[in-house]
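Hi,

Here is the structure I promised to pass on. Have a look at it first, and then read my notes below.

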Amino acid sequence: MATMQAYQIVEWGKPAEYREVPVPEPGAGQLLVKMAGAGLCRTDLHILKSPAGFWPDPPFTIGHENAGWVAQVGQSVDGFSEGNAVLISSMYYCGYCQKCARGMHEQCRNIGLPGYGIGYDGGLAEWILVEAKHAVHLGALSPVTAAPLADAAASSYHAVKMMLDFLVPGSTAAVIGVGGLGAYAVQYLKLLTGARIIGVDAVQDRLDDAGRLGAHDTVLSDEGTAEKLLELVPEGVDAVFDFVGRTETMSTGVRVLSQGARLVVAGIGGGEIPMGWEKIAMNAGFINTRGFNVSDLNEIVALARDGRIEMAATHFPFDKIEDGLQALETASVKGRAVVTFD
Ligand SMILES: [Zn+2]
Ligand SMILES: [Zn+2]
């Protein structure tokens with residue numbers, strides 16, 4: 001039986017390790033994909049540090065921002081052939097429940113948290129087995145470049161897409177946390193809306209990048225962030241995207257909302273804010289969002305293929321995954337950390 005190297009969590013509380021495992025064989029409806037690029041994510045750090053019970057049980061291969069080349073096509077699969085470049089959705093959805101049928105794959109009724117690299121074997125291995133319905137064609141886009149589109153770039157796209165009706169010309173969007181997901185959000189807002197975009201962050205370097213990527217104004221965050229925002233936009237902000245999700249950022253966000261606005265929280269910072277009459281602007285709303293649908297993936301692939309979004313990345317070879325995770329941990333990586341295979 002053919003074997004391959006896979007970077008797996010074997011037991012909670014122990015570091016992940018390279019293991020020799022069988023190369024999976026695609027069954028009906030499945031694809032075997034030769035990995036090309038696997039983005040590392042803060043969720044991976046979280047998984048590696050978690051106690052038992054928080055995530056699905058090991059052993060499993062981590063890595064949920066995956067892209068590669070179709071190596072083998074299972075029975076009953078249409079639309080894919082060997083050699084196709086594909087992006088693999090980090091959302092694992094059934095495809096037939098009422099939510100999936102309506103295109104709301106992120107709200108799938110049959111599958112909750114697990115996905116490739118989170119319970120199911122992920123992409124930090126030479127090959128990955130996927131359901132064909134979770135693969136999206138990349139066309140001429142390199143799978144190494146595309147890997148972060150499977151998760152980081154897609155979740156922020158979904159958040160922005162949700163708010164398009166609010167962000168007409170003359171409106172204002174604020175993005176709190178413009179590293180990582182937020183840097184993508186600034187670009188999507190610039191591409192898809194007529195809104196004035198304000199970037200908010202505690203790090204000046206990131207604000208400089210946000211300005212280059214399309215933010216009209218930037219605010220260096222401190223205790224007075226809400227006041228600074230309201231000075232810039234006395235009428236209030238129509239959509240606040242919070243990619244941090246701590247109590248401080250959510251409190252800032254809710255304070256600057258205009259009537260009828262939305263606070264969209266995409267950062268899993270564990271914060272909480274009081275909610276109720278007079279705690280939030282009239283007709284305003286709070287949305288927490290995780291994930292995206294297949295249409296989102298197709299759309300960001302199209303944007304990336306046309307060179308309309310900037311996707312900074314630092315590459316780490318497959319045998320140096322730990323260096324990549326370390327760089328992520330110490331925030332010393334420029335752009336996304338992407339593991340490459342040859
Ligand atoms: Zn992730
Ligand atoms: Zn479903």
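Before the strands, one convention: two strands count as paired if DSSP finds at least two bridges between them. Keep in mind throughout that this is a predicted model.

With that in hand, take strand S1 (residues 3–9) and S4: they run antiparallel and are joined by 2 bridges, so the pair meets the cut-off of at least two. Ile9 stands opposite Phe60 in S4. These strands belong to an open sheet of 3 strands, ordered S2-S1-S4, with antiparallel pairing. The edges are taken by strand S2 (17–22) and strand S4 (60–61); each has a single partner strand, so one side of each has no neighbour in the sheet. As a reminder, strands of a sheet pair through backbone hydrogen bonds, either parallel or antiparallel.

Cys41 sits in the loop between strand S3 (30–40) and helix H1 (42–49), while His64 is in the loop between S4 and strand S5 (65–73), so the pair ties together parts that are 23 residues apart in sequence. Buried or exposed, what are Cys41 and His64? Cys41 is buried at a relative accessible area of 8%, and His64 is buried too, at 3%.

The zinc ion (ligand 2) has Cys94 (SG), Cys97 (SG), Cys100 (SG) and Cys108 (SG) as its donors, at 2.3 to 2.4 Å. Their spacing in sequence is C-x2-C-x2-C-x7-C. The 4 donor atoms subtend angles of 104 to 117 degrees at the zinc ion (ligand 2), so the arrangement is tetrahedral. For reference, the ideal angle for four tetrahedral donors is 109.5 degrees. Of these cysteines, Cys100 is buried with a relative accessible area of 5%, and Cys108 counts as buried at 9%.

Last, a helix. In H6 (residues 204–213), the buried residues include Leu207, Ala210 and Leu213. They span an arc of only 120 degrees around the axis, which means they lie on the same side of H6. That buried set packs against helix H5 (181–192), strand S12 (196–201) and strand S13 (217–220). Exposed Asp205 and Arg212 are on the face of H6 turned away from the buried side. After H6 comes Gly214, with a positive phi near 140 degrees.

Cheers

Terms used. Residues numbered from 1 in each chain as written. Chains lettered and ligands numbered in written order. Predicted model: local features only at pLDDT ≥ 70, side-chain atom pairs only at ≥ 80, totals over all residues. Heavy atoms only, no water. Buried < 20%, exposed > 50% of the residue type's maximum accessible area, 1.4 Å probe, protein only. Helix = DSSP H or I, 4+ residues; strand = E, 2+ residues; numbered from the N terminus. Arc of directions from axis to C-beta. Contact = heavy atoms within 4.5 Å. Donors = N, O, S within 2.8 Å, 3.2 Å for Na, K, Ca; no water. Tetrahedral: all angles 85-135°; square planar, octahedral: opposite > 155°, others 65-115°.
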